[in-house]
Amino acid sequence: MEKIPHDVSVGGFYLSPILVSGLLGVLAALLTARLLDRFRLSRYFANPPVVIISLSVIYSVFFGVVFVGI
Amino acid sequence: MKKYSKYILTGGLVLIAVLLLVLQFWRYLNNPWTRDGTVQADIIQVTPRVSGQVVKLPIRDNQFVKAGELLFQIDPRTYEAALAEANAQYEEAIDTYNAQRENILAYEARLRESSAAIDQAQSNINALEAEITKARAEYKRQQELLPQRATSVRSLQAAQAEFESSVEYRAGAEARLAKSLASLEQSQAELAQARAQLGALGIDNPGVRAALALVRQAELNLEYTTVTAPVSGYVTNLDFRFGDQAVANQPALSIVDVSTYRVEGYFRETFIRRISPGDQAIVTLMAYPYRPLHGYVESIGWGIAQRDGTAGNDLLPRVDPTFEWIRLAQRIPVRVHLTEIPTSVELRVGFTSSVLVMSGSASAEEDDTAQTP
């Protein structure tokens, strides 16, 4: 079920859902990168920074569509 | 192979990311969404039509009222008195009308009397004519008889006097006839005048109609002292007290018409071409973030006020300088009609809402309805 876009209230600040899902996506991508480094999986990727950016986009869209609603 | 697997994995991730981004952007373009929306409804300003002190105010602030329910009552006594006066004037007008009709009857009788007087004068003249003929014959006979000594000079003089006096009598009778004719004409003129003054007969009589209209006006004014709700809705911000003076044609309180609740979404002009009336819309109120409301686009505004171009000093157009690089898209109001409002959601005018419009859903729905038998 797709979420309907609506403002996300964080302590009285009404944030745009794109901003929230983008922040969540970047955090998740950074976390994933830490884990990839930790388990030495980064060596399977040619360019880790590009991977982090791509992961950020993928996570953002995923969170946006499934949880936040964008 | 292992050498390239690194690049394939990385390239795959980048490809997925780009695809998702494009897909999401496409969705965003096709489902215009705005955070700038408000709940609106028609506000009816209830305005008394007559002035007076408020003697009854059964409503309370923020209360629901049904159409036709009493809102407040203005002191009716002065208007009752005015109605009584108008009624009296109406009766007086009817009396005047009747008197004028009687007057006409009197004039008609006078007219007949004049006609009779004329007839009488005419017959009088005829009788005198016969008298004259007789007197003339007698005078002539006496004149013929005198040389034969068959009559006396005295008789001749008497016959002459008789003849002359009857001629005089006839002149008098003719004068009376002329007088009667003049009196007939006068009576006719008076009758015409009285008829003109009376005007049309019966209910069409202008005097009676004017008096009746005054009665109706007084009745309406009395009716206006009872102010009822024109629509069903909520009394809002009631700043009106028992004992206040209600002033005619000045709004006393406002009612939010519940049947006209709608959401105005202010969409950027860049998205307007993707929105058409009938498109499905989903509204999320800030007050009820987890209760999306469904509706459809009812209409799209045709204009917004603008500051540039208004007359300034010396009636020259006032144009604000703008910064070339950053432009803000204008926003156009899109009116969304809510198809279903859950009972747990209470709409209030001014609520902030976000509005999502599904572009092209109007025609899709039409197709659906066309297919279903």
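**Before you start**

Residues are numbered from 1 along each chain as its sequence is written, while chains are lettered from A and ligands numbered from 1 in the order in which they are written. Because the model is predicted, local features need pLDDT of at least 70 and side-chain atom pairs count only at pLDDT 80 or more, whereas totals for chains, interfaces and linings use all residues.

**Stop 1: colour by confidence**

The average for chain B is 90, and 97% of the residues score at least 70. For the complex, the predictor gives an ipTM of 0.90 and a pTM of 0.72.

Now select residues 369–373 of chain B. Here pLDDT stays under 50, and the model has 0 contacts beyond four places in sequence for this stretch. A contact means that the C-beta atoms of two residues, placed from the backbone, lie within 7 Å. Where pLDDT is low, the predicted coordinates should not be read in detail.

**Stop 2: the whole of chain B**

Zoom out. The C-alpha trace of chain B spans about 190 × 65 × 50 Å along its principal axes. Chain B has 5 helices and 16 strands. These are DSSP runs, numbered from the N terminus: helices are H or I with at least four residues, strands E with at least two. The radius of gyration of chain B is 49 Å, well over the 21 Å that the globule rule gives for 373 residues, so chain B is more spread out than a compact globule. That radius is taken over C-alpha atoms, and the rule is 2.2 Å times the number of residues to the power 0.38.

Buried residues make up 17% of the 373 residues in chain B. Buried means 20 or more other C-beta atoms within 10 Å of the residue's own; exposed means 12 or fewer; partly exposed lies in between, with C-beta atoms placed from the backbone. Among contacts in chain B between residues at least 6 apart in sequence, 81% join residues at least 24 apart.

**Stop 3: colour by domain**

Domain 1 of chain B is 31–42 + 258–371, domain 2 is 52–75 + 225–250, and domain 3 is 80–207. The bounds come from an automatic or database domain assignment. Taken over C-alpha atoms, the centres of domain 2 and domain 3 of chain B are separated by 72 Å.

**Stop 4: the side facing chain A**

Show chain A. In chain B, 20 residues are in contact with 16 residues of chain A. Helix H1 (2–30), strand S1 (33–40), strand S11 (280–285) and strand S16 (352–357) of chain B each supply at least two residues of the side that touches chain A. H1(B) gives the most, with 11 residues. By class, this side of chain B has 14 nonpolar, 4 polar and 2 charged residues. Ala, Val, Leu, Ile, Met, Phe, Trp, Tyr, Cys and Pro count as nonpolar, Asp, Glu, Lys and Arg as charged, and the others, Gly among them, as polar.

**Stop 5: S16(B) and its partners**

Select S16(B). Of its 6 residues, 5 are buried, so S16(B) is largely enclosed by the rest of the structure. S1(B) runs antiparallel to S16(B), joined by 4 bridges. Two strands pair if DSSP finds at least two bridges between them. Find Thr34(B) opposite Val355(B) in S16(B). S11(B) is also antiparallel to S16(B), with 5 bridges. There, Ile282(B) has Leu356(B) as its bridge partner.

**Stop 6: an open sheet**

Move to S6-S5-S3-S8 of chain B, 4 strands in that order in an open, antiparallel sheet. Strand S6 (226–228) and strand S8 (245–246) of chain B are the edges, each pairing on one side only. Strand S3 (residues 52–56) of chain B is joined to S8(B) by 2 bridges. Gln53(B) stands opposite Gln245(B).

Click Gly52(B), also in S3 of chain B. Gly52(B) counts as buried, with 20 C-beta neighbours inside 10 Å. Leaving out residues up to four places away in sequence, Gly52(B) touches Ile74(B), Asp75(B), Thr78(B), Thr225(B) and Ala246(B).

**Stop 7: two loop residues**

Asn62(B) is in the loop between S3 and strand S4 (64–65) of chain B. Phi of Asn62(B) is near 65 degrees, a positive value in a residue other than glycine. Asn62(B) counts as exposed, with 11 C-beta neighbours inside 10 Å.

Finish at Asp314(B), in the loop between strand S13 (310–311) and strand S14 (317–318) of chain B. Asp314(B) has a positive phi of about 55 degrees although it is not a glycine. Asp314(B) is exposed, with 5 other C-beta atoms within 10 Å.

Notes. pLDDT is the predictor's confidence in each residue, from 0 to 100.
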